[in-house]
Amino acid sequence: MKKLFLIIFAMSLTSSFSQADWIDPLNENLSQRDARMEWWHDAKFGMFIHWGVYSVPAGTYKGEQISGIGEWIMRNAEIPVAEYRDYAKEFNPVNYDPDAWVRMAKRAGMKYIIITSKHHDGFALYDSKVSNWDVVDATPYGKDLLRPLEEACIRHGIKLGFYYSQAQDWVHPGGAKARMEEGTGWDESHIGDFDRYLHEIAYPQVKEILSDYELDVLWWDTPHWMTKERADLLRRLIKLRPGLITNNRLGGDYQGDMSTPEQKVPATGLDFDWESCMTMNNTWGFKSYDDDWKSAQTLIRHLIDIASKGGNFLLNVGPTSLGEIPQPSIERLESIGKWMDKNSESIYGTSASPFRKLPWGRCTQKEGKLYLHVFDWPEEGFIRIPGLRNKVTKAYTLADKKRLKIRHNGTEWYLRLPLKSPDPIASVIVLEINGTPEVDPLYPSNEWDGKIPLNPDMCDIEQHGYGDKMQITDDNGTEYIRNWNTNRAHLSWDFMNTNGGKYRLMAEIRSNDLAASEIQLQIQLNDNREKPVRLETIQLGDWSLGILGELDIPRGINSIQLYRRPMGEKYPKLELKNIRLVPVK
Ligand code: GLC
């Protein structure tokens, strides 16, 4: 019965997608797929390793720092092939210690490792039989880098996957190149036929890595020039490795087994398996001068946020050409490991939160337990559990099993908390409940005077992680959103309007870099995007009250998104305390 329910539930998902519609990989059924994905679902957390010849220039070419991600230096600087090949003569990772890398990942709580076997520059980290552009034939190191990593993973019980760039290849003739016409390149030697490249390099290399290594995951990337026919050529190779998991980046509209949001955490869970991949600084491949490291707190909270939305977190390290993982990455992995030592039960094997949003943190669930991850420890000594209908039979801190008082006041559960938080980054509290969670999805809604407050704790921040750092912060009890310095990041709220009608939109904002009157914002209500507006503002102390305009807002659940304008790259920083929807009489 449960399976039937599951299939019916799966079919109920939006028509554009349904688990039952896309089980395919080579025609398995839902339960076979679930069995194949089980370890991956439970694992939640993996290490991404971007390593190759690009770690030699490490972001600098002919004395100039090349912008963009480090592993793209050949493309971004349009380095001639012969010159780029010369870098391989300096790739000599004599300090490479795969066993130490695997132990480091394991100590951080990571259950799988995905390493680049061949990236867009076409360089193979193993001894390819179809090319001499590999670590054995082209470098002084002269040995396969992937076999010892595979052996270390087997020793330490860590799953292993290879990233393989199946289309882009900036050295072998005919390989695809982003932003270029098929068959062309920036170097004479690039000219060639893409199909010939696929048959002579990509196909045999995918075949050899799947045949010669104990792989659990194959991670495709950038499917430029990939038609369905070309994708089919490579896709049938996954039969070589029964149980193999693949991602959605092969091309040919194949979804694979998981989607791969990059450098961001989706605002809500996705209705398909997903894995958010992210760098600790702003580059996948090593750059000697990228020191813009995300804090351990940010990374731990990303892990929790992702798990609370039902996803996996693939966190990247970019080793140097000597085979060393940068010290700031090692330090962050150790901090994550310390948190996981006490709290990993609230991550591994859990599923997404039953709550739509929680003002004080996140939630995961497993076997009749709710794991509350409290980010903002309340001064008032308690938190509300909004909308939970189940009976709570027990409450305690996960780390030291300290019992906590919980009571229901007729409308909702209140949890009394000790004054001092058990963990400055995220404290985990376990609620044992009767039955499967039943939760009313609560939304910000009209107050007694009809106003609808949209505050930071109920908003979704949607941003790319390449350096964008917009986040909610608490300044002595005043919560606000800071570092809004790019148009690629925007804010969204879902809210309930119990009355329909016209509302004036007011935003409390401030900026140290520009006058409030110069700020332009653009509102989107549900599917209607308004014109960008320059704010009329009233100064209120060190904040300004900006009028965004008036809108007709229907009764029921609505969504509002707020964008910075005009289009551009970097903006003066903006901070936002809240939005108020004020009924216009
Ligand atoms: C992008 C980049 C690639 C990187 C990948 C990681 O596709 O092109 O260099 O390996 O992101 O997700």
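This is a predicted model: local features need pLDDT of at least 70, side-chain atom pairs count only at pLDDT 80 or more; totals for chains, interfaces and linings use all residues.

Strand β23 spans residues 520–525, and because 6 of its 6 residues are buried, the strand is largely enclosed by the rest of the structure. In a regular strand the side chains alternate between the two faces of the sheet. Here Gln520, Gln522 and Gln524 point one way from β23, while Leu521, Ile523 and Leu525 point the other way, and all of these are buried.

Strand β23 runs antiparallel to β28 (residues 556–565), to which 6 bridges join it, and Leu521 stands opposite Arg564 in that strand. With β25 (residues 533–534), also antiparallel to β23, there are 2 bridges, and here Leu521 stands opposite Val533. A further 2 bridges link β23 to the antiparallel strand β24 (residues 528–529), where Arg529 is the bridge partner of Gln524. The hairpin of β23 and β24 has 2 residues between the strands, and in it Asn526 takes a positive phi near 55°.

**The ligand and its shell**

The ligand is surrounded by 15 residues, of which the closest are His50, Glu71, Trp72, His119 and Asp221. This shell divides into 7 nonpolar, 4 polar and 4 charged residues. The table lists distances from side-chain N or O atoms to an oxygen atom of the ligand.

| Residue | Distance to a ligand oxygen atom |
|---|---|
| Glu71 | 2.6 Å |
| Trp72 | 2.9 Å |
| Asp221 | 3.0 Å |

Of the 310 Å² of accessible area that the ligand has on its own, the protein covers 95%.

Technical notes
Residues are numbered from 1 along each chain as its sequence is written. Side-chain values use heavy atoms; hydrogens and water are left out. Buried means under 20% relative accessible area, exposed over 50%, partly exposed in between (1.4 Å probe, protein chains only). Helices (H or I, at least four residues) and strands (E, at least two) are DSSP runs, numbered from the N terminus. Two strands pair if DSSP finds at least two bridges between them. A residue is near a molecule or strand if one of its heavy atoms lies within 4 Å of it. A polar contact is a pair of N or O atoms within 3.5 Å; within protein, one must be able to donate a hydrogen and the other to accept it, and residues adjacent in sequence count only if both atoms are side-chain atoms. Accessible areas come from the Shrake-Rupley method with a 1.4 Å probe; for residues, only the protein chains shown count as cover. Ala, Val, Leu, Ile, Met, Phe, Trp, Tyr, Cys and Pro count as nonpolar, Asp, Glu, Lys and Arg as charged, and the others, Gly among them, as polar.
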